[in-house]
Amino acid sequence: MDNIDFFHHLESTSTLINHLRNRIAKSSEDDWQLIIEMNCLLLTIDDFKTEPKLIKFIEHMNCQQKLAIYRFKPNTCYKWHIDHLGRNCCVNMLIDGYDSLTMFGVPALQGQFTNITKLVYEPNKYVLLDVHKFHTVFNFSQERYVLSIGVPSPTTYNETKQYLIDNNL
Ligand SMILES: [Fe+2]
């Protein structure tokens, strides 16, 4: 049994899902950019205007340049990794693609991983992820879309988590 703090479920419920699905539906292929091998639709702070507390968080943590929807093809995965996107952590929300599996773990000897922990996204709920801990995702039958608010370094996962708790997010 593990008690590693890989991620933190936020209390607040999102009001953004319809807006984000509209952004996806109205996007053209040209709107999707490949950034460090990730297919993403960049967002701006205006996309969050129905959520004042989240806007305050984004401004406080300087996340304005790290707002995006990421898109992943069905029946794909990537290897166990830690993120190198100039961020220690991010606040994510799964938009679509629940037929998927997100896991965190700790590398061990002989290519094994221990402390495997499944991240279960709940509809309209945000999760803070410590992406400087090893993780992987399997995408099964559906295209997966994830909102991701990257928190730029050097702000840490623990600092971000404390801010979210202190601000009732
Ligand atoms: Fe990652």
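Predicted model: local features only at pLDDT ≥ 70, side-chain atom pairs only at ≥ 80, totals over all residues.
Trainee: Why are Tyr157, Thr160 and Leu164 called buried?
Mentor: A residue is buried if 20 or more other C-beta atoms lie within 10 Å of its own. Tyr157, Thr160 and Leu164 are the residues of helix 3 classed that way.

Trainee: What makes them line one face of helix 3?
Mentor: Viewed along the axis, the buried residues of helix 3 fall within an arc of 70 degrees, so they line one face. The face turned away from that side carries Gln162 and Asp166, which are exposed.

Trainee: What covers the buried residues of helix 3?
Mentor: The cover includes strand 1, helix 2, strand 6, strand 9 and strand 11.

Trainee: How do you know that the buried residues of helix 2 are on the same side?
Mentor: The residues concerned are Leu54, Phe57 and Met61. Their arc around the axis is only 55 degrees, which puts them on the same side of helix 2. They pack against strand 11 and helix 3. Pro52 and Glu59 are exposed on the other side.

Trainee: Why do strand 5 and strand 8 stand at the edges?
Mentor: The open sheet has four strands in the order 5-10-7-8, with antiparallel pairing. Strand 5 and strand 8 each have a single partner strand, so one side of each is left without a neighbour in the sheet.

Note on methods:
Residues numbered from 1 in each chain as written. Pairing = 2+ DSSP bridges. Helix = DSSP H or I, 4+ residues; strand = E, 2+ residues; numbered from the N terminus. Buried ≥ 20, exposed ≤ 12 C-beta atoms within 10 Å, placed from the backbone. Arc of directions from axis to C-beta. Contact = placed C-beta atoms within 7 Å.
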